[in-house]
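Here is a short briefing to read with the model open beside you. Take a moment to find your way around, and then we can go through a few spots together.

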Amino acid sequence: MTLEIVSENKAHGGRQLVVRHESLATATGMTFSIFLPPQAEQGGKLPVVWYLSGLTCTHANVTEKGEYRAACAEHGLIFVAPDTSPRGESQLGPVPDDEAYDLGQGAGFYVDAREQPWVGFYGMWTYVAEELPQLIEAEFPVDMARQGITGHSMGGHGALTIALRHSDRFRSVSAFAPIVAPSQVPWGQKALTSYLGDDRAGWRKHDSIALIEEGARISELLVDVGDADPFIEKELRPELLERACAAAGIPLTLRRQPGYDHSYYFISTFMGDHLAWHAERLRGG
C-alpha cells in the first residue's frame, strides 16, 4: 500500500508524521497521525497506543492539542490517531454527509454502516479494527503483542467496544469521557439508527454495557471524566459503566475530575497519566 507523508516534524527527539493512504474499508483516502519516539531509531519494535477521537474531530485535534509526545518519548510508545470518518471524494462518488455535527463526516461512530446513504463509505469499524492495524504493522516498528487503546467521547466508545470484542489483542485499555452505552443515549441512538438501522439487537455489539452484560471481559480499565462535563448526565453515563464493571468483576478505576469539562484542556491534563498507565502494562515482551 502506498503511503503519502503529508507532514513530518521533529518533537521530543522523535518524529511526528501525518500520513495519507487509500482505504478499502471506506473507499476513500484516509489520514492518520503517528508519533515515533526516539527509541524507534534504535532498532527493535515498540509498543503502540491507539487513540480514537470524538465527534467533529479529525486526526489533527489530538495531534495538535493532546500533549502526548513528551510522555510517549519518555516511555517509548508509538501513538497512532486515525480520522473519525471518510471525507471528500471517493471511488464511489462524494462521501455522504449530514448538516448535523453528530452524523456523517466527523461522526463515523466506529461502526460499519449498513444503511443508505452511508453503506460502502462508512466502514470505520473495519478500518480501525482491521485495516489500519495491518498497515501500521507492515510499515512501522510496532510490537503488535504490546497494544493499548484509548479514546475520547465517541472515540472512548470506539476504544471500549474494540477492546471488549478483541480482548486478546490489547494489554491496556483506557478512555476519556467515553459514551459507554450508546443504545441508551441520544448521540448513540441517532448514530446507530442511521448507520445500522432500527434492529436494536444489532446495536449490542457496539455498546460497551451490552457487551459486558453478554460476557465480554477486559483485565482492567482506567476512565477519566470531568464532573463539569456538560454531557456527563445525558450522553456519557459513567455510572452505567461503574455498575456493569462491578457486576462483571472488571477492575475499573473511574476518576471524576473536579471542575474539568469535555475539551482538550481536560484530555491534555490527564494524557500523561493515561500513557504512563499504558506503558506500565505494555512493558516486556
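Which side-chain oxygen reaches to within 3.2 Å of the backbone nitrogen of Y265 at the start of α9? That oxygen belongs to S263. Please keep in mind that this is a predicted model.

**Helix α9**
- Helix α9 covers residues 264-282, which makes 19 residues.
- At 1.5 Å a residue, α9 should span 27 Å, and this agrees with the 25 Å between its end C-alpha atoms.
- After α9 comes G284, with a positive phi near 80 degrees.

**The largest nonpolar core**
- In general, nonpolar side chains tend to be buried together in soluble globular proteins.
- Here, the largest nonpolar core has 95 residues.
- The members that touch the most other members are F32, I34, F79 and Y195.
- Leaving aside residues up to four places away in sequence, F79 touches S33, I34, F35, V49, Y51, V62, Y68, C72, M271 and L275.

**Helix α5**
- Helix α5 runs over residues 186-196, and its buried residues are W187, G188, A191, L192, Y195 and L196.
- Looking down the axis of α5, you would see these buried residues within an arc of 110 degrees, so they line one face of the helix.
- The buried residues of α5 pack against α7 (232-236).
- G197 follows α5 and has a positive phi, near 95 degrees.

- D83 sits in the loop between β5 (78-82) and β6 (89-90).
- With a relative accessible area of 6%, D83 is buried, because buried means under 20%.
- The side chain of D83 makes a polar contact of 2.7 Å with the side chain of R87.
- Not counting residues up to four places away in sequence, D83 touches M30, T31, C57, T58, H59, Y110 and M124.
- E41 lies in the loop that links β3 (29-36) and β4 (46-52).
- E41 has 56% relative accessibility and so counts as exposed, the cut-off being over 50%.
- From C-alpha to C-alpha, E41 is 9.8 Å from R15 in space, while the two are 26 residues apart in sequence.

Technical notes
Residues numbered from 1 in each chain as written. Predicted model: local features only at pLDDT ≥ 70, side-chain atom pairs only at ≥ 80, totals over all residues. Heavy atoms only, no water. Core = buried A, V, L, I, M, F, W, Y, C linked by side-chain atoms within 4.5 Å. Buried < 20%, exposed > 50% of the residue type's maximum accessible area, 1.4 Å probe, protein only. Contact = heavy atoms within 4.5 Å. Helix = DSSP H or I, 4+ residues; strand = E, 2+ residues; numbered from the N terminus. Expected span 1.5 Å × (residues − 1). Polar contact = N/O pair within 3.5 Å; in protein donor to acceptor, adjacent residues only side chain to side chain. Arc of directions from axis to C-beta.
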